[in-house]
Every structure is written in C-alpha cells, then in structure tokens.
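Me: I would like to learn how to read a model like this one. Can we go through it feature by feature?

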Amino acid sequence: MDEMLMEFLAESAEQIEAASAQIVEFERNPEDAALISSIFRLVHTIKGTCGFLGLERLQRLTHHAESLIGCLREGATATPDVVSAILTAVDQVKVLLGDLEEAGHEPEGDDIELIALLERQVAVCQGAESAPAEAAVESAPEVVAAAEEPAVEAHEPEPVVAEAADEPAASAETTLEEKLSNPQTQESLDALVASLRAAKLDVRREAAKSTQGKPSEPAASAAPAAAKPAAPADAHPPAHKAESGEGRAKGADTIRINLNTLERIMNLVSELVLTRNQLIELTRHKEDETLKSPLQRLSTMTTDLQDAVMRARMQPVERVFSNLPRMIRDLAHDLGKKINLVTEGADTELDRQLIDLIRDPLTHLVRNCADHGIEMPEDRVRVGKPAAGTVRVSAAHEAGQITIEIADDGRGLDITKIKGKAIQSGLATPQQLERMNDEEIYRFIFAAGFSTAEKVTNVSGRGVGMDVVRENIQTIGGSVALSSTPGKGAKFSLKIPLTLAIAPALIVEASGQRFALPQHSVVEAVGLNGGEHKIELVQGSKILQLREAVLPIGSLAELLHLAPPANRVEEAEQLAVIMRVGAHAFGITVDAVVDVQEIVVKPMGGSLSHLSSFSGHTILGDGSVVLILDPNGVCQSLGLEQSREGAASNVEGGALRGGDRTRLVYFRAGSGVDKVLPLSNIARIETVHSDKIEMSNGMMLMQHQGRLMPIVAAAPEVMVKEGDNTVFVISPDGESFGLLIDAIVDIIEEKLDVEIAGDQPGIVGAAEINGKVVELLDIGHFVDIVRPQEERPKDRKSRLLLVDDAAFFRDMLAATLQAHGFEVVKCGSGGQALSTIAQGGAFDAALIDVELPDLVGFELAEKLREGGAQFPMIAIAPYATREILRGATAAGMAGAVGKFQRTQMLDLIRACVEQPGDGNQDDAFFAGAAA
Amino acid sequence: MSYEPSKVIRETIQTAGNALDGYFSIKVAGDTFGLPVTQVQTIFRIGSVTPAPGGPSDIVGLVNLRGKIVTAVSLRRRLGLEPEAGGPGSLAIGIEHHKEAFALLVDEVGDVLTLTADNAIAPPPHIGRRRAKFASGYNRVGGQILPLLNVDAVFDFSEEKS
C-alpha cells in the first residue's frame, strides 16, 4: 500500500479515537471552547488529508461532520441529538478507514442518509442560533479567545507561530463565522490544508531522495507554494496553525515503528538473553578471568537492553480507557440512566500485547457496572444518592503488577438473588450456602452461564460474560477479585502482570522430564514424604489433606501420560505443588522442583498448539527446551472444571478476608521453640559472612547499603557462626537494623493467635501453628536495644490511644510508635477504650482498628467523641481501602492508614498531633489511599 | 511497510525452484524422496529432544536449533516405517512451514538432483493411500523413480489432532 496512505491511516485512527472521546467530554462541558476547537481541528485535519489523497467519500462525510462541529464551535447547544449525529459520523469514518486499510481503496457507496442527518442537525443548530444572533456574536470573541490561550501557551518557544496565530485571531473574530460557512472559503481552506500537507510530505520524500545525491528542487518549490496560500490566512482558524506546530513538536521526539519490527527486536533480545544465559552456564565453572569481565558486561548490557525493549512495548492503558467515555455515554442514553465516568491512572503503562487482551474483559466489567450496578436516577434519588451514578476505573502500578479497579456507587451485588440462582442452577445447596461467607457467594457470578439479570438487555446479561472475563484475565496470568457493599456499590479489581513475554517459573521434574510451571498460579510446594501430608484415595480419586483444605491432586506424570524413566530405582521423593486457577485449588505431584527461573515465554508452534496442558515453550540456561505447563489446562485435565467453587476458599480465603492470615517467617533462634515474625516486618533477608560482622562498642555491626547497620541477636544464645549467617534486615522507619537468627525453617501463611502472653523480653507471646508451639518475636524490644531511649526524638512525647483487638498488631504498632517517642496506651476492645476515656484518660490522638469484635471502629470513634474525647482519631485497618477512608471521613475521623504502612502512619499521627484539638478538620489526611 | 524487497526476491526464487531443478535426495529406510532445495533452510544434527506429551505420535519432540525451538518430526514414523531411535545426533533438515519451524528427521541426505518437467511421470496407481499423500509428484531420474516429498502433507497434523 501507498506509504502516504498508510501514514494517513495510522494517524487518522488515533485522531478519530481522540475525537470521539472529546465529543463525549464536550457534551458534558459545553462551555469548554478549547475542547470543541480541538475536535474541530481533528476532523478538519482528516478531511483535509482525505481531499489530498483523493478519498472522496471520506472527504464528503467529514466535511458535513465538520460543518456540524463548526456550529457547535460557534455556540450552538450540544444537544444529545447533535452529539449522537456526530458520533455516528465518527463511527462511519472509522468503518470507512477500516475498509480502506483492508482493501487499499475506499469502499463503494455513499452516506446519503448520514449526510442528510448531519445537514438536518446543522439546519437545526443554525435555526436555533439565528434568533439570538446578537448573543452569538457577543459570545464568539470569547470562544476564540479561549481557544487561543492554550495555543499560545503551548508554543512559547516558537514566538513566530504564536504571533502569527494570535494576529488572525484578532481580525477573525467578526468574520470567522461567515467565512467558514461560505463554501468558497471552505474550499480554499481545504486547498490550503492539502497544499500544506503536500509540502510537508514532499519535503520528507525529497529528504529521503537527496541522500541519493539528487538536488531537492521540488522541495524548494513546495515551500513557496505552501507559503502562498498561507498569506491570506486571516480567515484561517488560528487553532489550525497551532496544530501543525504541535505536530512538529511531537515529531521531534517520537517516531512510528512498525509493530512487526518491534516484535522482531523483542524476539532477538529474547534470543540474546537465552544465549547470554547459556554462556554464563558454560563459564560458571571456569576460572577464566579474561572471559569473565567481558561476559559480565555483556550480561548487564543484555539486561538493560531487554529492559529498554520491554519499555518500548509499553503503552499507557489510556488506549483502553479512551473508548470508555463513549461507551458509558451510549449506555446511559440507552438505559435512561445518568452515569459519570471517572478514570484514573490512564498513564499507567502495560505491555501492548496485554493492553489488547484486557480490552474485552475491562469493557465488559465497565458495562456490567453501568447496566447492573447503577440504579435508575429516580431510585438513586429515593435512597438519597445523587441522581448521576459514578463508574470509576482506575489503574495503578503496584509491585510488578498492574491493578485495575472498576467500581460503581450503585446498588451492589444482590446476595439473595445470587444465592437463589446458585441453588437453581445446582451450583450449591442451601446448606452449603449457609456455611459460605458473602465473598464466597459473590464469587458465584464468575461461574459459567451465571447471570442474575432479570431481563436480558442488549447491554449485558446474556449469561455469557463474567466467566469469560475471569477466564481471559487468568489466561494472561492475572486475577479478578470482587467486593460489594449492598446499597453502596461493587468493585472489581483486576491484577495483571506487566508483561507476558517474561515470567518467573518453577522448573519441575516428573518422570525424568522437566517442565516449567508459571509461578503466578503456584501457591506453595509441600513435601509428601514427611508423613504429615499424605495422598489418600477417596472413591478412586486422589485427594490431599492440607491443613483444613481438602484438595484434588494428580500426578503430573500420569496426567501427561509420561512413561516412567527406565532407570527408576525406587519411589523418588514426591513433592506436591499446590496451584490455584480462579476458584480451583489443586495439587500436582512432581519428583522435584529443580529450579526457579525467569523464562522467556514462546508460544507453541501450530502442530502442537492444540495441547491444552501446555501454554508454550522456552529454552533454559543450559540450552535445553522445556514445555511450559498451562495451569488452566492442567486443572482441566484433572477433571476440575465443574467442581465446586468453594474449594479454593480454604487456600486463598486468607488473602481475601484480609488480616486473618499472615505471612510468617518461621525460623530458629536460640534454644527454645521455633520463632515466627510476620514477613511484612522484615525488609530483607540477607546471608552475611562472619567476616563482614564486626564488633564495636559491644554491638555487632555490618555494612549494609553503604552504611553501618547494627545487628542484634534474636535470642541471647544466638551467636555469629563461622561462615554464612542469616540476618533479617528490619527497618521500622527507614533506619534499618539486623536481627541475627540461626536458620529459616519455612515461610508460611497462617492465622496467628497469640494465646499465651510472653514474660520473656523480646517475645510477644506463644501461639500454635499447625499443632506446634511457636513464639512471636517482639520487634519493639529489639528496636529498644538498637536505639536506646536517649537517641530518640523527645520533642513530641504525645500520648496515643491504640485500640486493636489483635494482640499482634497492638504490640507491633505499640513498639513502632514507642520507638518514635510516643507514649502508647493499648486497649484490646472498644469497651476498654470507652472506659479508659471515661476514667479521664487524656490523649493527643487515637488509632482505632476498624474491625473490633464488640464495636465497629467508626462507631467507637463516634461514641468516644460523645464521651467527650476531643482528640483526632485515625482509623487503622490491614489495608486502607477507599471504603475505609470513606467510612472514616463519615465518622469524623482524621484519616485512615494501613497497619503495615509505618511511614504513612507516623506522618499521619504527627500531622494530627501537631494540630491539636482540630479533630474535625475538613481536609482529612488520607494516607495509603492507594493501598 | 509496503517496501519489502526480501519478500519479492524470495518469491522469485521459489517460483524458479518449483519450475525446474534443485532437489535434495533424502533417504529413510529403503525409500528415497526428492525435496526442493528452496524449502531447506539448514541441515543439522539435533541435540537433546524434549518430548511433547500428548502431541501427534509422529512428532518426536522439540529441539533447540541455535536458540530457536523447532518441532522435530520423524519422516519414518510419518510414512509408517519402523521408527528410528531419534536421539541426539540424528540427522535433521530444517524446514519452515506455515511459519512454524520444523526439523525433519531423515537417515541420509544425498546429492542435489536437477529435475525438469520432462522427468515427470504420472503417479503409479498401486501406491497405498497412506504413502501416496506424502508425494506431490513422481520423476524418473537415471532409470529410477523418485517421488517428490509433499512438504504440506508431511507437516499437516490436523488429522492427528483429535
């Protein structure tokens, strides 16, 4: 295809996308003159180029669309009819462009009906305008002036353009309207645009030619040609000039790259990474220094290169968000609802391949919120909500993942209906539902063919959808979570990996063959030979009892029908890898987990792509090829697709319920029982050689990130061993210290109930985990050792009331707060807190857990205030979600913060304490809102 | 985008190749086949093979050809002959077919033969259907009949995927 045409198509596709989003925006803010000018420019540019390229059908259509937009620009009201007409035209342009791209020429036919519609609207607009003609004249200068401002601002470095643009603006005010509606002017404008474009393109082509030694005469002649029509530019919309200037500015630092080229670079880099890995593997055992250092350099450079290419593939999620306003507008229109769309974090970047893959699920979820979530305006007003509902779509980058949240402030999920439907469709019995919590019941909506919509609308509710959404997200290694508050709205959270191309994987071995297992679906690996966990046969099916959960389990070798290796001597040690795919938790047994590697995922070739157990293949560092297991496929081959949803809850429930289970590091220190510490308390785990640990002034010290870091023994008997030592790096507030232990036993996710309070220093208390007694270390104690009292800031010895029913958090937070010079009074319940206040306890601030067994934190805050408490109060929760923030504001609290967000918590407390007696300040502090 | 000289050249070669000359004679068990030179990307000895459980039985597995993963297909198994060992060191022909890279395991690669349209003969009528589909044509070369390997059929596993 013609290169120019290609360029036009690529450019126009973007422009048309932008235009439709802006039109919707304009309907909302009809005062925004800059916006309509920008829309006008976009359409005008397309029209001009069409004229130049001889695309008559497109030119005619855009011309009429432009006329209508022109009316809006001149002050006509953007009625829904007008906007719909423009949008229809924009859609049609899109269709035509699509056909053009496929066929290489404009499709046959004309758009008489559409053009007639546009003309009718133009007539309506002009008719409406002619009456208040004077008003229009008055408002016109304003419009132009407003449109002018951003243009001038944007071009400060180019005063010439700005001035030229300014000047006509002044003289154009009065004549602009008539000249624009004058067909002759219109044509000359088109000619101007065309010739400007021609000039630009010619120059570009000539530049290319001139490298072959040809003089660039035509380019020189093209320049005056461009200049000539530019001279009578007084009738020319100034904004147009600004646009061409903009184009130039942008052109300077971006270029368009063909996707295939980028893909090829990506592939080459992947190969390079693999080759690098092979080289490293080869030289690992060779002490050849001459080879080592260049290899080292190659290695770093390859990593950087890989990173850079990955970045080049990144695109802002805006690409998906940009079609949402239009969709919401149409939906609201069709459904007779009022819906506002709020998007946040549109600049969050994601691999372009993933952007395309999340488009459908995301669109579906947004549609679902608008259709099922948001109530009719009357209903909303009746329950005291604003008539217009809000759908909020936000994206954020979090810990190597992208989180996209789709929330509405509608009616929330109807749990009764879901229950009814679940029983009706045989997914669960009433007895089973009895035992389930709300989250487990909500999750039924992800079951195949599950829709509670009473009437099937053309928007959603066709019974396909949520299951497909979940499946699509899982296919790319993501997850969907769901929360809902009746009457307040529902929220879907999508977690999506940054890229598909490289993923961490476990390399497992079964029957002598190795396979890669993507880590995102692996929950844990459990040894089976210890006797603690055994595989049992129940009615012919293998199950594994793991803690309370009963999991289906299968042997990978059997699932894949692998022949046992010939040299098999005896039963090898078996490992069960526990995986989770959506609602299913299951295990597969393997002979060993050989390695954990970052693998470059490559899709299977056509002849093997039908194998559902594998999602691709990769080359490992040693050059061998391994197949990548597809957790979905494995799950299916276990015969799990129809089993009950509840099974997974035992494994993943902890994470969803939040706070119930804690990730704990289980380790040995000293002679007593094993110790545990929440993983969240540990910044890093380091292996430190005994040489690196020095004694100074009776304190152990080590170099850590260029600074001396004090080390304390986790128990008095723990000594520095000759050779390697394990040190937990703990940073309660950015100031790190090390905790020397004997050995890490395991990392587990468990519910932690401290049952017996400790009497030993450094121990919070004892707890039972998996039938064993462990001791929870008291970080505060070690902070005290490392930083004696005198070193702490003394200027703020404020008294804080800490209310939390979990001893663990109470002690952990108290220790942190004390370490920062606060005096802390701990209360284990709301009742206790109330009586403390009643007895006249004076505090500077209070930290209140939102989930207390006897009282909801927010209520406690209100009760405390009734009881005469004047100090600011802060809500604390495992994670400071938006709901909690809202609840906290509603209860007149000063803010909310996650329990693990020490820095934010301290900032928040300080902010509160420094403004005493101002508990009801308007601008509440919301730390950790993004958590 | 529209300017892709390599593609044009490649096509020209292909048409030229099909029109006349350039066939490798490849041998499996007792059989000899002609394989167009233009289809062959490389001839190499394979390293270790990673089996693809559940895949078509004629696919021996996946092998690493200089950092690229290729699907190894046994021509013997494909033709219903006694399978070879197929272990490391087996001789393979690198062929790209419908954008998928294949390694065709053969016993021997012989000389390049030049064939012209005059050599072509009608297919002998009594050849079994299973075997016949793997031949795209027959030629008489030096008094012997040389079937030409039908690469499309060899790498079409749509029947085996059930």
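Reply: Start with the elements: helices (H or I, at least four residues) and strands (E, at least two) are DSSP runs, numbered from the N terminus. This is a predicted model, where local features need pLDDT of at least 70, side-chain atom pairs count only at pLDDT 80 or more, and totals for chains, interfaces and linings use all residues. Residues are numbered from 1 along each chain as its sequence is written, while chains are lettered from A and ligands numbered from 1 in the order in which they are written.

Me: Where is His44(A) found?

Reply: His44(A) lies in helix α2 (residues 33–53) of chain A. UniProt, in an unreviewed entry, lists His44(A) for "modified residue: Phosphohistidine". Such annotations may be inferred rather than shown by experiment; positions follow the numbering used here, and feature names are shortened.

Me: Is His44(A) buried or exposed?

Reply: Count C-beta atoms, placed from the backbone: a residue is buried if 20 or more others lie within 10 Å of its own, exposed if 12 or fewer, and partly exposed in between. His44(A) has 23 other C-beta atoms within 10 Å, so it is buried.

Me: How do I read two packed helices?

Reply: Two packed helices are described by the angle between their axes and the distance between the axes. Axes are lines fitted to C-alpha atoms, for helices over the stretch in contact, and angles run from 0 to 180 degrees between N-to-C directions. Take helix α3 (residues 56–73) and helix α4 (residues 80–103) of chain A: their axes come within 10 Å and cross at roughly 155°.

Me: Which word describes how α3(A) and α4(A) run to each other?

Reply: Angles under 35 degrees count as roughly parallel, over 145 as roughly antiparallel, 65 to 115 as roughly perpendicular and the rest as oblique. α3(A) and α4(A) are therefore roughly antiparallel.

Me: What about phi?

Reply: Most residues other than glycine have a negative phi. Ala29(B) is not a glycine, yet its phi is positive, about 45°. Ala29(B) sits in the loop between β1 (23–28) and β2 (31–36) of chain B. Ala29(B) has 12 C-beta neighbours inside 10 Å, so it counts as exposed.

Me: Where is His98(B) placed?

Reply: His98(B) is in the loop between β6 (91–97) and β7 of chain B. His98(B) also has a positive phi of about 45°, although it is not a glycine. With 11 C-beta neighbours inside 10 Å, His98(B) counts as exposed.
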